[in-house]
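Open the model in your viewer and keep the sequence panel beside it. The stops below say what to select next and what is there.

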Amino acid sequence: MASEISSQFKKISVIGLGYVGLPTAAIIANRGVSVAGVDVNKKTVEIINKGNIHIVEPDLDILVHSAVASGNLYAATHPEPADAFIIAVPTPFKTDNKPDLTFLEQASKALAPVLEKGNLVVLESTSPVGTTQQIATWLAEARPDLSFPTADNNNPDICVAHSPERVLPGRVLIELVNNDRVIGGITETCSKRARDLYSLFVNGTCHLTNARTAELVKLAENAYRDTNIAFANEMSLVCNKLSVDVWNMIELANLHPRVDILKPGPGVGGHCIAVDPWFIVDSAPELTPLIQATRRVNDSKPNWVIEQAIGATEPTSAIACLGLAYKADIDDLRESPAMIIVENLAKLHPGEILVVEPNIAELPSSLKLHKNTKYCEYERAVQQADTVIVLTDHKEFKDIDRSVLKNKKIIDTRGIWRKI
Ligand code: SAJ
């Protein structure tokens with residue numbers, strides 16, 4: 001069976017070599033299958049072809065290096081023929097919180113010319129309900145010579161399915177292999193072919209459904225987590241007002257067998273949880289008051305942190321901001337509340353803002369614009385600042401000589417020093 005499946009997929013193309021696409025490509029290549037990675041960014045392609053990586057993810061460097069060295073993985077800027085295509089490009093939202101499918105449309109149009117009868121196309125990007133069908137429509141428009149799946153055609157030339165990525169940054173290589181997968185084909189044949197593809201490297205169970213359900217499953221997972229984090233964030237404001245230690249309160253509440261409150265923080269970041277709930281709202285605005293309130297609660301948390309910092313600090317004093325990434329031990333700055341906090345603090349606070357982020361080499365360009373904002377080494381920032389804000393719970397920040405914090409104002413949004 002395994003060899004039958006690998007003979008179906010002699011060459012696999014992964015389109016979009018980011019936080020999901022690159023690890024997926026490297027894992028498949030390390031299973032001995034030839035993988036062509038595609039990315040529109042020339043620099044990314046060059047870095048990967050040298051066996052290096054352009055993102056931070058535990059152990060990914062070793063995996064990519066070995067995949068490229070074995071000859072099973074190479075990268076290019078344009079798609080070429082393959083047996084299966086996995087699309088893992090970003091699906092951001094626009095300023096009005098509406099989904100932006102531009103990258104998906106570009107990827108579909110770029111791969112359409114190289115499609116051949118018998119190919120499988122799988123969408124992994126988190127997408128609004130109906131997007132997998134939209135991809136099939138774009139492909140069909142570009143390739144009228146091929147048949148695509150419809151309610152009346154369960155044996156099309158090209159199979160199209162959705163299998164949302166569900167991996168947690170920081171644990172991507174483990175979760176890509178071990179998590180269960182939800183696979184929704186436009187037709188049953190499409191689902192089964194996609195299951196064959198994932199059986200090349202997934203140890204978890206593949207659950208088959210239709211494309212629309214698979215799309216909503218993924219969105220619901222992230223909206224559910226967003227809602228639970230919003231509850232924790234709201235409680236952190238209540239606790240502050242009532243002079244209660246939120247961390248201690250949560251610890252004690254969680255001793256109840258049916259209570260599991262998540263952790264408050266500076267806000268919710270990342271490309272997923274801060275974005276995906278809007279895709280549900282966009283499809284059903286009148287039916288989603290809870291999801292919309294959740295987004296407002298989490299999006300307003302950075303402002304609260306800024307108010308605390310401004311209130312605690314003399315205008316001429318320095319503020320140290322520890323962490324820019326949206327969560328611990330990664331370099332991902334997308335939708336990071338820490339970025340919003342630093343940027344707005346830089347506008348409102350005349351003194352120095354000393355930014356510490358061990359996972360990047362320099363300040364991102366938007367922060368460089370602020371003359372009072374400096375990239376700084378951890379110990380020096382903490383020493384020089386009067387106020388220290390913990391924005392990301394990176395491992396580097398957890399150990400600290402506690403005497404250094406004496407007489408400093410501390411705003412520990414992650415609770416890493418609460419027992420000091
Ligand atoms: N956060 C809190 N408190 C918590 C947990 C998280 O404030 O108790 C914050 C984090 O600091 C971060 C944000 O929420 O800013 C999101 O972090 P996360 O670790 O909850 O999730 P992501 O965005 O890194 O990954 C999520 C995961 N989804 C779920 O757990 C339901 C992952 O499995 C998905 O694959 C990923 O989104 C995605 O790509 O959609």
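Buried means under 20% relative accessible area, exposed means over 50%, and partly exposed is in between, with a 1.4 Å probe and protein chains only. This is a predicted model, in which local features need pLDDT of at least 70 and side-chain atom pairs count only at pLDDT 80 or more, while totals for chains, interfaces and linings use all residues. Residues are numbered from 1 along each chain as its sequence is written, and side-chain values use heavy atoms, with hydrogens and water left out.

**Stop 1: salt bridges**

A salt bridge here is a side-chain nitrogen of Lys or Arg within 4 Å of a carboxyl oxygen of Asp or Glu. The structure has 18 of them.

Select Glu362 and Lys368. Their side chains meet in a salt bridge, at 3.2 Å from N to O. Glu362 is partly exposed, with a relative accessible area of 48%, and Lys368 counts as partly exposed at 46%. Elsewhere, salt bridges that share partners join Asp226, Arg295 and Asp299 into one network.

Next, select Asp282 and Lys98. This pair forms a salt bridge whose closest N and O atoms are 2.6 Å apart. The two residues sit in distant parts of the chain, 184 residues apart: Asp282 is in helix α11 (residues 276-283), and Lys98 is in the loop between β4 (84-87) and α5 (102-111). Helices (H or I, at least four residues) and strands (E, at least two) are DSSP runs, numbered from the N terminus. Asp282 is partly exposed, at 30% relative accessible area; Lys98 is partly exposed too, at 39%.

Then select Glu165 and Lys218. Their salt bridge has its closest N and O atoms 3.4 Å apart. It links distant parts of the chain, 53 residues apart, with Glu165 in the loop between β6 (159-162) and α7 (172-178) and Lys218 in helix α9 (residues 211-241). Are these two residues buried or exposed? Both Glu165 and Lys218 are buried.

**Stop 2: helix α11**

Color α11 by burial. Helix α11 is largely enclosed by the rest of the structure, because 6 of its 8 residues are buried. The buried ones are Asp276, Pro277, Trp278, Phe279, Ile280 and Val281. What covers them includes α9 and α12, where contact means heavy atoms within 4.5 Å.

**Stop 3: α9 against α12**

Show α9 and α12 together. Their axes come within 9 Å and cross at roughly 40°. Axes are lines fitted to C-alpha atoms, for helices over the stretch in contact, and angles run from 0 to 180 degrees between N-to-C directions. The two helices are therefore oblique to each other; angles under 35 degrees count as roughly parallel, over 145 as roughly antiparallel, 65 to 115 as roughly perpendicular and the rest as oblique.

Helix α9 passes α12 in a left-handed crossing. A crossing is left-handed if the near helix is turned anticlockwise from the far one by less than a right angle, and right-handed if clockwise.

For the contact itself, display side chains. On the α9 side the residues include Ala223, Asp226, Asn233 and Leu237, and on the α12 side they include Leu290, Arg295, Lys301 and Trp304. By class, this contact of α9 with α12 has 8 nonpolar, 7 polar and 4 charged residues. Ala, Val, Leu, Ile, Met, Phe, Trp, Tyr, Cys and Pro count as nonpolar, Asp, Glu, Lys and Arg as charged, and the others, Gly among them, as polar.

**Stop 4: α12 against α13**

Pro302, Val305, Ile306, Ala309 and Ile310 in α12 are in contact with Pro337, Ile340, Ile341, Asn344, Leu345 and Leu348 in α13. These residues divide into 10 nonpolar, 1 polar and no charged.

**Stop 5: loop residues**

Select Ser243, in the loop between α9 and α10 (246-253). Ser243 is not a glycine, yet has a positive phi of about 55°. At 68% relative accessibility, Ser243 counts as exposed.

Move to Asp329, in the loop between β9 (319-322) and α13. Asp329 also is not a glycine and has a positive phi of about 60°. Asp329 counts as partly exposed, at 28% relative accessibility.
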